[in-house]
Amino acid sequence: METKYILDIVYLIASITFVMGLKMLSHPDTARKGNLYAAFGMTLAIAGTILLYQHPDGYTTREPIKITLILVAFGIGTIAGWLTANKVQMTKMPELVSLFNGMGGACAALIGIMEYEHNLGNPGAMATIIAGLVIGSVSFSGSIIAFLKLNETMKKPIRLPSYNILNTVVMVALVAFGAYIVYARPEHMLLPVLLFAAALIYGVLFVIPIGGADMPVVISLLNSFTGLAAAFGGFLYQNQVMLTGGILVGSAGTILTLAMCKAMNRPLSNVIFGAFGPSTAGTGAEVTGSIKDISISDTAILMNYAQKVVIVPGYGLAVAQAQHVIHELETLLEERGVEVKYAIHPVAGRMPGHMNVLLAESNVSYDKLVEMEEINPEFTKTDVVLVVGANDVVNPAAKTDPSSPIFGMPILDVENARNVIVNKRSMNAGYAGIDNLLFYQPKTSMLFGDAKGVLTKLVSELKQM
């Protein structure tokens, strides 16, 4: 059998493992295996390309110097990725996702720069190159800004004057510039490099105005950009694996973006034109009233004699790395006949699925993770809701205050429960930068302190009862 056909079979097998891996990633019980399937497929595709690829003009990758350089780069990337993945804390996972996504966009952009001069006579290839260059560059610089925001290096959104108009003008100019290069096909590299720089600038302008609780939407959108850029690379090289992988990532990212937009009650047009973040029309009505504290012992009594407890995890749970302790609390309550569930909001945390990943790490059963639409009707029959580190996703202002930046965002209806206990380190506002009306309601009690420390004491108190 000819080498070309063997490589096609290798690519087909790799593509199948990508699809299987993506399917398995949709369920925590099979996510680890799905990740290994996809990794195996990618390794197979890389090995097949190195050993079997041959360009129609006779170019191959099997020359000793080329293989050595490829293997060195492959080794460095593997070691760096392995060490990073092993050492990263769960609280830093969103930053890592943004960083890795940015690297994918950078690769797509660099492919465009490298291949530009080799395809001047092919208008179709030129269009593919320029599209991949622009989208990859936007994804790269946008992901880096998202990384800086997630690790709080950039703590506040930067809003330039008339930023919506500015971003739209830059985007239109970028598309026009790219179209001109495809039409004119200048032989020198000056214009493609300027296009690359302009796309990087637009990526920065696109993300810096974003604030509040919108970051999960941004991450999924940039992820779809990277997938789209990779798909253009697959078109360019007529590489089935790049094409399949890019389409899967791009389509999954787009679907997730739409789901996040629905969860945030924001149309996709707002995403594209940079109308993210807190409303400039107001920061919500002034909150008045008083809060009441609750002790560890009183919390233990309430939960011990409850019939049903719902736990609402948020970013504060991840920061405290308290996922294992909360699973211990859940187990302890169930041993005493208490029904325990976890209410999962689509945008809780700093990336899509953040809470699912966090709780899966502590072996919480997937059946106990209940999505917002399913859990909301159950709150009226819930004795105790324990909110751990969540804020904006349980704020009633989203339903009652038209001046609030989060007005219209679907939330978890925890205020309908008989008792609400909120664990926070302080009364500081959440990621959207506004006060939470829930904290001032009569049935709400505040349990202040670091989540891990508070939950550990709560477990200890329950064990003594």
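**The nonpolar patch and the sheet**

Author: Met20 is located in helix α1; helices are DSSP runs of H or I with at least four residues, strands are runs of E with at least two, and both are numbered from the N terminus. The model is predicted, so local features need pLDDT of at least 70 and side-chain atom pairs pLDDT 80 or more, while totals for chains, interfaces and linings use all residues. Residues are numbered from 1 along each chain as its sequence is written, and side-chain values use heavy atoms, without hydrogens and water.

Met20 has a relative accessible area of 35% and is therefore partly exposed, that is, between buried (under 20%) and exposed (over 50%), with a 1.4 Å probe and protein chains only. Together with Leu12, Ile16, Leu36 and Tyr37, Met20 makes a nonpolar surface patch of about 460 Å². Such a patch joins nonpolar side chains (Val, Leu, Ile, Met, Phe, Trp, Tyr) within 5 Å, from residues with over 30% relative accessible area and no salt bridge, meaning a side-chain nitrogen of Lys or Arg within 4 Å of a carboxyl oxygen of Asp or Glu. Helices α1 (3-24) and α2 (28-52) each supply at least two of its residues, and α1 gives the most, with three.

The sheet is open, with six strands in parallel pairing and the order β3-β2-β1-β4-β5-β6; two strands pair if DSSP finds at least two bridges between them. Strands β3 (369-371) and β6 (444-448) each have a single partner strand, so one side of each lacks a neighbour in the sheet.

Notes:
Patches are made of residues with over 30% relative accessible area and no salt bridge: like charges are joined within 9 Å, nonpolar side chains (Val, Leu, Ile, Met, Phe, Trp, Tyr) within 5 Å. Accessible areas come from the Shrake-Rupley method with a 1.4 Å probe; for residues, only the protein chains shown count as cover.
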